[in-house]
Amino acid sequence: MSINWYPGHMATARKAAAESMRKIDLVIEVLDARVPHSSCNPIFERLRRQGQRPALKLLNKADMADPRQTERWLRYYNGLPGVKAIVVSAKKSSDVKRIPIACQALLPDRGTPAKPLRMMILGIPNVGKSTLMNALLNRRIAPVGDQPAITKMQMFHKLGPGMSLVDTPGILWPGIKQSALYKLAAAHSIGRGAYEDEDVATTLGQYLLSEYPGRLAQRYGDLPADCQVHQLLDLIATRRSLVKKAGGADVLRASVALINDFRDGALGPITLETVDDVGAELAAGPVLPA
Ligand code: G4P
């Protein structure tokens, strides 16, 4: 599976993000707690570090992520200079209320009408930016994807006296690593037309068989000893009566069922990458695409 697109509006959005970065004091980066490393856009991370802007990293969708791994990710991010990380679920108002307080704590000398705290919210598609913006601003705003990129980039919203927030469209980056692609597809951050369900389900299934076999058994029934991913997909098809017209297990529909069960949280809270899994990439820092 490979995705080699970088639509024009993403290039425009990237330029506008670089411009906005100069006008703000702090970056709020929304990450998907199920894929905390893969959902970090290296272009924005590099821009942020170059601009020396502190970051509040939100490990969002924590309700769907493995709490043990979230705890480890939290410790990792909180060990980085200029970074504060917190665990949130954008759908919980008590979590959302912690965000302005955490921003203020990162830059305590800002946040007054005379010295405002200007923030920018960043995140790849589907990590929960619109949900968070709506909750933070206590109103319904148009989904990020419905507005032209430039307008979105320039719109500052008032968050309170002395605090404002600029929105950005969720964009991906060119040359996403193969190892990250399936995780982003599973998390629904990549559009359906850009990958094959069977490819995503195969890699997802392998990871789940290795790290969360008990959850699979709970959802689909007992698994054979040393279950391989093709057996898992066959088993899902058989137990769900997903049969092809010509006969035989419908592996494609079983693949979609597995992906949807992961996305809907039907397999329980799961994280697809650990700090150890991606340790080498973390040590290398954000690598810009060629
Ligand atoms: P975006 O602007 O970054 O693209 O994301 P958006 O807010 O639109 O959220 C994407 C999906 O994730 C939405 O579900 C939203 O309800 C859900 N979501 C956001 N934050 C959280 C969270 O903390 N926990 C959980 N469980 N869900 C969250 P959706 O409209 O049903 O879309 P989809 O999941 O079917 O793609």
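Guide: Rings of Phe, Tyr and Trp, the last by its six-membered ring, count as a pair if their centres lie within 6.5 Å. In this predicted model, ring pairs join Trp73, Tyr76 and Tyr77 into a cluster.

Visitor: How many aromatic pairs are there by this rule?

Guide: The count comes to three aromatic pairs. One of them is Trp73 with Tyr76, an edge-to-face pair at 6.0 Å centre to centre with 90° between the planes.

Visitor: Where do Trp73 and Tyr76 lie?

Guide: Both are in helix H3 (residues 67–78), three residues apart, which is about one turn of the helix.

Visitor: Why is the pair of Tyr76 and Tyr77 classed as it is?

Guide: Planes over 60 degrees apart count as edge-to-face. The planes of Tyr76 and Tyr77 stand at 65°, with ring centres 5.1 Å apart, so this pair is edge-to-face.

Visitor: What is Thr274 in contact with, beyond its neighbours within four places in sequence?

Guide: Contact means heavy atoms within 4.5 Å. With those neighbours left aside, Thr274 is in contact with Trp73, as well as Gln69, Arg72 and Tyr207. Thr274 sits in the loop between helix H11 (251–264) and helix H12 (279–284).

Visitor: Is Thr274 buried or exposed?

Guide: Thr274 has 11% relative accessibility, so Thr274 counts as buried.

Terms used
Residues are numbered from 1 along each chain as its sequence is written. This is a predicted model: local features need pLDDT of at least 70, side-chain atom pairs count only at pLDDT 80 or more; totals for chains, interfaces and linings use all residues. Side-chain values use heavy atoms; hydrogens and water are left out. Helices (H or I, at least four residues) and strands (E, at least two) are DSSP runs, numbered from the N terminus. Buried means under 20% relative accessible area, exposed over 50%, partly exposed in between (1.4 Å probe, protein chains only). Rings of Phe, Tyr and Trp (its six-membered ring) pair if their centres lie within 6.5 Å; planes under 30 degrees apart count as stacked, over 60 as edge-to-face and the rest as tilted.
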